[in-house]
2 protein chains.
Amino acid sequence: MLAGHLNAHAAEFLRALRRHREGSDAADPAQAARSALDMRRAARRIGSALHTFRPMTDTAWADPLRAELAWLGSTLGREHACAARLGRLLEAMERLGSGASVPGQRDDPSAASVRETALGIARAGALLERQLTLARTRAHSAALQALGSARFHALADAVALLASDAPVVPGDPYEHAARAARRLTEAVDALPLGRAARPYNAEAAHDGQDSPWHHVRLLLRLHRYAADVTGGDTGALAEAGGALDRHRDAADAGAAAAAAARTARIAPATAYALGVLHSSQRHEVEAARFAFQRAWRQAVVAR
Amino acid sequence: MLAGHLNAHAAEFLRALRRHREGSDAADPAQAARSALDMRRAARRIGSALHTFRPMTDTAWADPLRAELAWLGSTLGREHACAARLGRLLEAMERLGSGASVPGQRDDPSAASVRETALGIARAGALLERQLTLARTRAHSAALQALGSARFHALADAVALLASDAPVVPGDPYEHAARAARRLTEAVDALPLGRAARPYNAEAAHDGQDSPWHHVRLLLRLHRYAADVTGGDTGALAEAGGALDRHRDAADAGAAAAAAARTARIAPATAYALGVLHSSQRHEVEAARFAFQRAWRQAVVAR
């Protein structure tokens, strides 16, 4: 069961790697990007399985492999994350801009201040685009460099071994999958779900308290991947998982807006727009916590 | 019934006026401020009654008086509103400031940026304090000037007439109070309550759509005051009314933050803090709409 799972995802990894090499970056960048994400997806599944079912692996061999898979996953994911963050922020900016000049806003003292606000939004958008495009380009180069490195070739060799002959020792996969589920439940129980259930609690105004939620997001993924191995059904948790993805995305986007506001010599109107943007993303963090607790409770009831 | 109501509140108005003159501004400013608010409160009740029960009044006499009462009410209320707005904004600033440097915020690239953020919050607070204190002082002077004007003396004479002999013509007060209740219900029905009931709908991000809610707030007050005349019970609507008060306060505070951000030559960090503040107040506007629709539905069910 575990061996089959590792075989399958290792094979998927190798296929994605071959596609990536064939449709090389210059020839078909979209194909290369898709293949990189496929590789990342397979790497995450393998790494998760090695984590959850660790007692059923040769740990001297599996533990270092898991660390390398984590390195590759984060390296390959960064470009995509930058692009998604920029998309999210520009979309939020557009919503801010479209409302800033609605005819209903009659209280505004002058047309000049409306223009000033619109200009600030446009400039903040341009600043974010510049900064996140730069970060994305750097992430892309880093990913290409990683895929050409000796470190990656060693990793690919290890995965090739998994594809043919996964070194799995006997054990009870159900027991290990159940432990992953238990860890998730315990972590969720430790979250302030009661507060999150009261809408507009303003608990997420600051970035300081995000980590436990990010941690639950990872545990939820481990649980989902473990259930893939044992044939468990985690469909009821899809909505809760989506809420935690939005939680992470909004937190990251808010941090990017705050970071952009620390750029030297920006205009006050630009800084103002970034402040509004940061706050609106923190608002979405709060909304995602609300959505998570609701989805989680529904999933628990449905179980 | 209507005559007795007008008598009572006119007498209350005159008592407050006497207290205001006795504890004159220099001698006891707190007493003077309380008396001014009492006068305003009585003026509002009388004006509301003249509005709702208009067919039972000598309109040639009552309509101009009502306009004068509205003038006095808004003149006397402005100082208090500035003080309340400043209090609300400084409190929100404090919440922002207390979270900006929590140890949990490890993502922040440097202590310097944390200091910069804290400095921005402090400067934004100082700017708001300066602007709103100035507005408050102006409102105070305007109120004193109004209370010494010939216009006010004419108004006080008209109220004195009401206190002894309210010129009321026969009619059915219940019918008029019922019309006030109907107007309120119709205006509430026209509000987007369905959207407001979905938490985190982001419908209030902009200032443009506040007016219908402000209007319902006034209609709710008219209904409440009309019920005072006819002995109706509006206790079930207290929570809904409170939500609309918070809605108005948050909208006004948000506008004050946006106005402060248009001050020339402010630092980017100050503008950023004001952007966060504006957004957080708009967030509270949204929260107040959510609270209103819930309280309203409960009140309707309880009826």
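Is Arg45(A) buried or exposed? I looked up its accessibility first. Arg45(A) has 10% relative accessibility and counts as buried. The cut-offs I used: buried is under 20% relative accessible area, exposed is over 50%, and partly exposed is in between (1.4 Å probe, protein chains only).

**Ground rules.** I am working from a predicted model, where local features need pLDDT of at least 70, side-chain atom pairs count only at pLDDT 80 or more, and totals for chains, interfaces and linings use all residues. Residues are numbered from 1 along each chain as its sequence is written, chains are lettered from A and ligands numbered from 1 in the order in which they are written, and side-chain values use heavy atoms, without hydrogens and water.

**Confidence.** I checked pLDDT, the predictor's confidence in each residue, from 0 to 100. Chain A has a mean of 92, and 95% of its residues reach 70 or more. Residues 101-106 of chain A fall below 50. Beyond near neighbours in sequence, that stretch has 8 contacts in the model (heavy atoms within 4.5 Å). Where pLDDT is low, the predicted coordinates should not be read in detail. The model scores are ipTM 0.89 and pTM 0.90.

**Salt bridges.** I searched the whole structure and noted 34 salt bridges over all chains. The criterion is a side-chain nitrogen of Lys or Arg within 4 Å of a carboxyl oxygen of Asp or Glu.

I went back to Arg45(A). Its salt-bridge partner is Asp228(A), with the closest N and O atoms 2.4 Å apart. Asp228(A) sits in helix H8 (residues 211-230) of chain A and Arg45(A) in helix H2 (residues 29-52), so the pair ties together parts 183 residues apart in sequence. Helices are DSSP runs (H or I, at least four residues), numbered from the N terminus. Asp228(A) is partly exposed, at 41% relative accessible area.

Next I looked at Glu284(A) and Arg88(A). Their side chains form a salt bridge at 2.9 Å, N to O. Glu284(A) is in helix H10 (residues 268-302) of chain A and Arg88(A) in helix H3 (residues 59-100), so this pair links parts 196 residues apart in sequence. I noted Glu284(A) as partly exposed, at 27%.

Glu12(A) pairs with Arg19(A), closest N and O atoms 3.7 Å apart. Arg19(A) is partly exposed, at 26%.

**Chain B.** I placed Asp245(B) in helix H9 (residues 238-261) of chain B. Asp245(B) is partly exposed, at 32%. Asp245(B) and Phe292(B) are 47 residues apart in sequence and 9.9 Å apart in space, C-alpha to C-alpha.

Definitions and conventions. Helix = DSSP H or I, 4+ residues; strand = E, 2+ residues; numbered from the N terminus.
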